[in-house]
Each structure stands twice: as C-alpha cells, then as structure tokens.
Amino acid sequence: MKKRTKEILKRLDEAYGTEYICYLNHNTPWQLLIAVMLSAQCTDARVNIVTKDLFVKYDTLEKFAEADLEELEEDIRSTGFYHNKAKNIIACTRALLEKHNGEVPRSLEELTALAGVGRKTANVIRGNVYHDPSIVVDTHVKRISKRLGFTENDDPTKVEMDLMKVLPKDHWILYNIQIITFGRQICSARSPKCAECFLSDICTAADRSS
C-alpha cells in the first residue's frame, strides 16, 4: 500500500506540480474565510464572480459585521443557500471582531467554533493561510479517494481521518489541490476518462476502463 501510495503521489506531482494554489480569489485571510463559506454547494468560479464586487462593497470586516441581512442575501444570492450563508457571515465576522481582534484564528477548535465554519472550511484556512498540514475533503477528494482505494467511507470526517493515515504530511495540503484539477480534467463524477488517466494501471475503481 505504501509503495502504491508513493507512486500515486509521484505521478500527481509530475502532472500538476507541487505549488500551493488556491482557486478562490482573496487578498486577506478573512476574505478567504468568507469565500470558502460561499463555496458550499457552489463552484469556485461563481464565488469569484460574486466576491469581485462583494469585497469592494464590503472592504472591511466591520462592514460585513454591520451588514443588513436582506441586502447581503441579495449580494450573494447566486451562490445558493444565501439565507444561511448571509446569516453565518454576519455572525462569523462579528465573532472575529469581538473575540479574535479581527484576526482569523489558527486552531481547528477556534475556527470550527465560528458560525458556518466546519472542518472543511477550517482546514482550507489552516492549509492556505497558516500552511499547517491539513486535509480538505471536498466532493472531488471524497469521490476520487474512494476510487483510488484510500478510503471506503462517505462521511467527510472519516475520509479525512483515513487519508491522514495513508498520506504523508507533506502532501496533505497538496493532495487536495492536485485532486481538484485531476477531478475536473480526468476523473469526473459522471464520465471519468479512464483511457486518458495516468493512474489507470494502479486504480482500484471497479468501473475503470482501459
């Protein structure tokens, strides 16, 4: 298993490089936090369209914290689930100002205590802002990790724990970045391009084709 895992990671490195890339546009940690909250059940491309104007209109944490709920809902409507997202963004930014002096906290416990912030969002922040080894389990990572035989679980937290046992720490952040690209380009949910896949010979998916 270790030899196979090492080979998979080697091929991912060769195909996609080892640079840390964040697909959500932001200039500050708190902007990334809000962008990740908006990305739930929404594409990164759509979030980037919305935040382009959003971060101009609300250019400080204070403006988000003092935002009118209905107005903010309209501003983020196209990201979906905008009622909950707007409510959580206001509550979260208020907590950042009141409890954390306007700084985005580093620890998993403090991050997940914020409104609307689960393990996935917290790990994005920990990995991208603080470069702390963390595994982000999104739909691509969950689906492809099962296909590669790294996990048999569907629950994101259990998938995260399984991957922590299998992957070396220096690839915890990278794996998510690489798998997002791999999932978009080759191993899509509906019609994976197995014939073009550079992992096809060591993939464990039952439906893979040569």
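**Exercise 1. Two helices side by side**

At what angle do the axes of α3 and α5 cross?

*Solution.* Start with what is being examined: this is a predicted model, in which local features need pLDDT of at least 70, side-chain atom pairs count only at pLDDT 80 or more, and totals for chains, interfaces and linings use all residues. Residues are numbered from 1 along each chain as its sequence is written, and side-chain values use heavy atoms, with hydrogens and water left out.

Step 1. Helices (H or I, at least four residues) are DSSP runs, numbered from the N terminus. Axes are lines fitted to C-alpha atoms, for helices over the stretch in contact, and angles run from 0 to 180 degrees between N-to-C directions.

Step 2. The axes of α3 and α5 cross at roughly 150 degrees and come within 10 Å. Angles under 35 degrees count as roughly parallel, over 145 as roughly antiparallel, 65 to 115 as roughly perpendicular and the rest as oblique. α3 is therefore roughly antiparallel to α5.

Step 3. Contact means heavy atoms within 4.5 Å. On the α3 side the contact is made by V50, L54 and K57, and on the α5 side by E71, L72, D75 and I76.

Step 4. Sort these residues by kind: Ala, Val, Leu, Ile, Met, Phe, Trp, Tyr, Cys and Pro count as nonpolar, Asp, Glu, Lys and Arg as charged, and the others, Gly among them, as polar. The contact of α3 with α5 has four nonpolar, no polar and three charged residues.

**Exercise 2. Covered helices**

How many residues of α2 are buried, and how many of α8?

*Solution.* Step 1. Buried means under 20% relative accessible area, exposed over 50%, and partly exposed in between (1.4 Å probe, protein chains only).

Step 1. In α2, nine of the ten residues are buried. They are W30, Q31, L32, L33, I34, A35, V36, M37 and L38. Their cover includes α3, α4, α5, α6 and α8.

Step 2. In α8, seven of the ten residues are buried, namely T121, A122, N123, V124, I125, R126 and G127. These pack against α2, α7, α10 (156-166) and α11 (172-185).

**Exercise 3. The cores**

Which residues have the most contacts inside the largest nonpolar core?

*Solution.* Step 1. A nonpolar core is a set of buried Ala, Val, Leu, Ile, Met, Phe, Trp, Tyr and Cys residues joined through side-chain atoms within 4.5 Å.

Step 1. The largest such core has 36 residues, and L33, F64, L72 and I76 have the most contacts inside it. Helices that each supply at least two of its residues include α2 (29-38), α3 (44-57), α5 (69-76) and α6 (82-99). The greatest share comes from α2, with eight residues.

Step 2. Leaving aside residues up to four places away in sequence, L33 touches C92, L96, V104, L114, V117, T121 and I125. Another core, of 21 residues, lies apart from the largest one; I8, I135, F150 and I179 are among its members.

**Exercise 4. Positive phi**

Where do N101 and H131 lie, and is each exposed or partly exposed?

*Solution.* Step 1. Most residues other than glycine have a negative phi.

Step 1. N101, which is not a glycine, has a positive phi near 55 degrees. N101 is in the loop between α6 and α7 and is exposed, at 70% relative accessible area.

Step 2. H131 is not a glycine either, and its phi is positive at about 55 degrees. H131 lies in the loop between α8 and α9 (139-147) and is partly exposed, at 48% relative accessibility.

**Exercise 5. One serine**

Is S145 buried or exposed?

*Solution.* Step 1. S145 is in helix α9. At 0% relative accessibility, S145 is buried.

Step 1. Not counting residues up to four places away in sequence, S145 touches H140, F150, T151, L163 and Y175.
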